[in-house]
Amino acid sequence: MRVPLGKRVVTGIVVDAAASLEPGALREKIKDISEVVDHAAYLPAPVVDLALWVADYYACGAGDALAAAMPPAQERRTIRVASLTAQGHEPDLELKPKQREVIDALRGAPSGIAVRDLKARGISTDVLQRLAVKGLLVFRRDHLERDPFAGGAARLETNRVPTRTLTGEQSAVLASLREAAGSKSFSVSLLQGVTGSGKTEVYLRLTDTVLQHGRSVLILVPEIALTPAVASSFRDAFGDLVAVQHSGLSDGERYDQWHRIRRGEVSIVVGTRSAVFAPLGNLGLIIVDEEHDTSFKQEETPRYHGRDVAVVRGKREGALVVLGSATPSLESGQNAVNGRYSRLVMNRRVLDRPLASVSVVDMRIEYAAEGPDIVLSGALKIAIAARLGARQQSLILLNRRGLATAVFCRQCGGTLDCPNCSVSLIVHTEGRDLHRARCHYCNYSLTVPKACPACAGPYLERRGFGTERVAAEISTLWPDARVARLDRDTVRRKGAASEILRRMASGDIDVLVGTQMIAKGHDFPRVTLVGVISADVGLGVADFRAAERTFQLLTQVSGRAGRGEMVGEAIVQTLYPNHYSILHACQQDYAAFFADEIAYRRTMRYPPLTALVNLVVKARDPRTALTDANTLAQHLRAKAEAGRFRVLGPAPAPVTKLRGEYRAQLFLKGANRPAMRQAVLAALAAEPDLRRRVVIDIDPVSVL
Ligand code: ADP
Ligand code: ZN
């Protein structure tokens, strides 16, 4: 509805209605609604309630949370359609050739043809107008359903859930899940299945069961552009019953899909994070695939975690929630340990395919023997050459983009840094042989200078390397190899990621080099080698989840090898061959990793053994940022004892300067989230000037 707000009229959502004024409220202070826009609820009541829960839990505005639950602002698109009148159907009309063409085409299309399609066939507006004047055809406006699947695979009307024999583990897991779904009440199952154990197959059959109960199903996936397989499996099995919701769709497509869901025309939704708010009714099952994936956390307001909101939604709507992963997050792993989730395990790959054998290359030894500039170890070179010879495919992971990661002056020792952010610029090839240094945070860039901007020294050296350099190196070593790269630089254009993945699937690529994007749930049967260039890139980061991320990435990427009939191998290059995250990933031993990591989190009092809140204060200069953060810290410390939490900091954030703003941060650690949240809101209420410069992150995933 539209309501007056100050001098403006704005659109709002009704979240509650009171039968009478609160005692003491002044009638003259209450304004009338200007206009009622929708006469039926736009968002279903449970979705409104869920958004309000998000606003409360993540300490953001109700409007921000409700906006996340809304479809993109779009009008329904209408198109102009031409169709014949009765007169137009009469035989023996006297017509010019072009006019005859139109009439013949329309005779074959009883519901008419869109004007733009006629134009595409070379019919001018003029020809159509003349026929209309003669009374032979009429125009009408029609709704256009923007369908993201149009032009893709043919629509399937019947269920086509695969009927092949399940493995023993799949059958056992499915039986437990069917039982849980049959109770039609809330519970959470953690499906811990190694890569290639056939989790998707279990999801499909469980979905079929839940549909038979007359209930609907929501499937959350990390990034559809990178993991199209799950969405297309559902589409293949359930056809038109499936709607998709993700940011790769145009606003129009998302809008139309959203309304199909809202009208109850579909009973399955596959989507990314924000699909957790999909307006599905009668929800029986929520699946969160790759539940450990960090893309489920939104890194802007509202800073919600899609997986956690999914669990809350399941609880409120009495649905079964299935969290699937080969490498569950420490949070979910701990919830399985303490009995809040039930754990279901699949330890073997389908068809008894072995997991890839993993070997570690100690790069300290390689550097000592071959010099500090080498990118590929001897073992990895031999392995790549063997795959090229055998016409098999290789995946090479380096979780860092670019050609060089720093430009360093040999005269003054300075590096080329971003003027807006406290990080060094990364060199990329852009355009023809043009080397640009670019900031990975704010996108500032400059052409790499010939001399040092600080001291004018002519000896600029490039240090460190990223995916671009690895791909170049492989092309130099094997000029005939078809090498491609999958990282944020190569997938800027819409559809570029799926294009690279399609070429990989059809065997048009021999070696695919990429960042963590190549580690997602791809299933390429001809990949028999996975090489990891610097397994430890993530370990140097000032984040308590660094080891967890490294373990997950290495396990997931080695899981990409040997998924077909041929056996897979993984080679991991690292400077820290004895780090527990690397050792356990090489053994693909989740339980051992979990045990070590949870012990570390317990000692350091980090999540999931305690709750964390991160506050970032932004200011124009570093002093103000710290002073303001200190002011907040004082307010918070006054409440710390009563709320049984601790306040850590403030300190400059790891990336101290970001997009021209200086950042100081502080942390709250404790067991009582509501007490911490209230203390934060009270501190900000006491310092209203700071409100707009403080980012509140409840259960932060990234603390940079
Ligand atoms: P995960 O998601 O657990 O890594 P997928 O669901 O991608 O594994 O399954 C891996 C591969 O095994 C897929 O190609 C899938 O079609 C196939 N698959 C799954 N279940 C079976 C089965 N019971 N028999 C044969 N192949 C299967
Ligand atoms: Zn920058």
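I count Lys and Arg as positive and Asp and Glu as negative, leaving out His and the chain ends. On that basis I get 93 positive and 75 negative side chains in the protein. The centres of the two sets lie 3 Å apart. I note at the outset that this is a predicted model.

**Overall form**

I looked up the secondary structure and found 20 helices and 27 strands. I then checked the radius of gyration, which is 29 Å; the globule rule gives 27 Å for 704 residues, so the protein is as compact as a globular protein of that length. The C-alpha trace spans about 90 × 80 × 65 Å along its principal axes.

Next I looked at burial and surface. Of the 704 residues, 50% count as buried. I have the accessible surface at about 32,900 Å², with 51% of that area belonging to carbon and sulfur atoms. For contacts with a separation of 6 or more, I find that 76% are between residues 24 or more positions apart.

**Helix 7**

I picked out helix 7, residues 199-212. Its 14 residues reach 20 Å from the first C-alpha to the last, close to the 20 Å expected at 1.5 Å a residue. I find 12 of the 14 residues buried, so the helix is largely enclosed by the rest of the structure. The buried set includes charged side chains, among them Lys 199, Glu 201, Arg 205 and Asp 208. Just after helix 7, I see Gly 214 with a positive phi of about 80°.

**Ile 268**

I went on to Ile 268, which is found in strand 9 (residues 268-271). Ile 268 has 0% relative accessibility and counts as buried, the cut-off being under 20%. Leaving aside residues up to four places away in sequence, I list among its contacts Thr 207, Leu 211, Val 217, Phe 234 and Phe 238. Two of these, Thr 207 and Leu 211, are also buried residues of helix 7. Phe 238 is 30 residues from Ile 268 along the chain, and I have their C-alpha atoms separated by 8.3 Å.

I looked up two cis peptide bonds. One joins Pro 607 and Pro 608, with omega about 5°; Pro 608 is in the loop between helix 18 and strand 24. Another joins Gly 649 and Pro 650, with omega about 10°; I place Pro 650 in strand 25.

Asp 352 has about 55° and lies in the loop between strand 12 and strand 13. Arg 659 has about 50° and is found in the loop between strand 25 and strand 26.

Are these two buried or exposed? I find Asp 352 exposed at 57% relative accessibility, and Arg 659 exposed at 52%.

Technical notes. Residues are numbered from 1 along each chain as its sequence is written. Chains are lettered from A and ligands numbered from 1 in the order in which they are written. This is a predicted model: local features need pLDDT of at least 70, side-chain atom pairs count only at pLDDT 80 or more; totals for chains, interfaces and linings use all residues. Side-chain values use heavy atoms; hydrogens and water are left out. Helices (H or I, at least four residues) and strands (E, at least two) are DSSP runs, numbered from the N terminus. The radius of gyration is taken over C-alpha atoms; the globule rule is 2.2 Å times the number of residues to the power 0.38. Buried means under 20% relative accessible area, exposed over 50%, partly exposed in between (1.4 Å probe, protein chains only). Contact means heavy atoms within 4.5 Å. Accessible areas come from the Shrake-Rupley method with a 1.4 Å probe; for residues, only the protein chains shown count as cover. The place of a charge is taken as NZ of Lys, CZ of Arg, CG of Asp or CD of Glu. The expected span of a helix is 1.5 Å times one less than its number of residues.
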